[in-house]
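Work through the following exercises with the sequence and the structure side by side, and try each task before you read its solution.

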Amino acid sequence: MVLSKHNIEARKAYVAEVVEKINKSASVVLVDYRGISVEQDTAMRKALREAGVEYRVIKNSALARAFEQTGNSGYDEAFVGPTAAAFGPESDPVAPCRILTEYADKTPMNIKCGVVEGKKFDEAGVKSLARIPEKPVLLSQLLGLLTSPMRSLAVALSEVAKKQSA
């Protein structure tokens, strides 16, 4: 097969677009979507969109080149078979891990691997990241931990004051 100059330029532009998506994303999770029904795929895409995650089916050759150009190596085993990529937003880098793990658990879809804030994760790593609560939940837990000692002190002082006035 002979590639025309136009085709080569189109492929380079496609790879450049994927490189830009990777660079702008806090995370990228790769999945093999074989066996997932249209209904499940539609529901999953809706959940991803609501979380601000972009989900696209991308050619393996383009993904391999884009990963190489962004300094991500060691992903060759992920670029086999049908591959879709979920690009996570800066506001919630773990969102694609959480949503895709949920759907992988109830469909034939498989998580291949992921890159979250520059670190490589295999399928097990992506699934462990999925168990991290969302940012608002983590913040409320932190706030609870920080206010707990003050609340305990206030209760203790209140009890002391009650005993002295009695």
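**Exercise 1.** Is tyrosine 75 buried or exposed?

*Solution.* Begin by noting that this is a predicted model. Next, locate tyrosine 75, which sits in the loop between H3 and strand S3 (84–88). Its relative accessible area is 3%, and since buried means under 20%, tyrosine 75 is buried. Finally, look at its surroundings: leaving aside residues up to four places away in sequence, tyrosine 75 touches Phe67, Cys113, Gly114, Val115 and Lys120.

**Exercise 2.** Find which residues of helix H3 (residues 60–69) are buried, and decide how they are arranged around the helix.

*Solution.* The buried residues are Asn60, Ala62, Leu63, Ala66 and Phe67. Viewed down the axis of H3, these buried residues fall within an arc of 155°, so they line one face of the helix.

**Exercise 3.** Describe how helix H2 (residues 38–50) packs with helix H4 (residues 95–106).

*Solution.* The two helices pack at an angle of about 165°, with their axes 10 Å apart, which makes H2 roughly antiparallel to H4. Their crossing is right-handed. In the contact, Gln40, Ala43, Met44, Ala47 and Leu48 of H2 meet Pro96, Ile99, Leu100, Tyr103 and Lys106 of H4. Sorted by kind, the residues of this contact comprise eight nonpolar, one polar and one charged.

Note on methods. Residues numbered from 1 in each chain as written. Predicted model: local features only at pLDDT ≥ 70, side-chain atom pairs only at ≥ 80, totals over all residues. Heavy atoms only, no water. Axes fitted to C-alpha atoms, helices over the stretch in contact; angles between N-to-C directions. Helix = DSSP H or I, 4+ residues; strand = E, 2+ residues; numbered from the N terminus. Parallel < 35°, antiparallel > 145°, perpendicular 65-115°, else oblique. Left-handed = near helix turned anticlockwise from the far one by under 90°. Contact = heavy atoms within 4.5 Å. Nonpolar A, V, L, I, M, F, W, Y, C, P; charged D, E, K, R; others polar. Buried < 20%, exposed > 50% of the residue type's maximum accessible area, 1.4 Å probe, protein only. Arc of directions from axis to C-beta.
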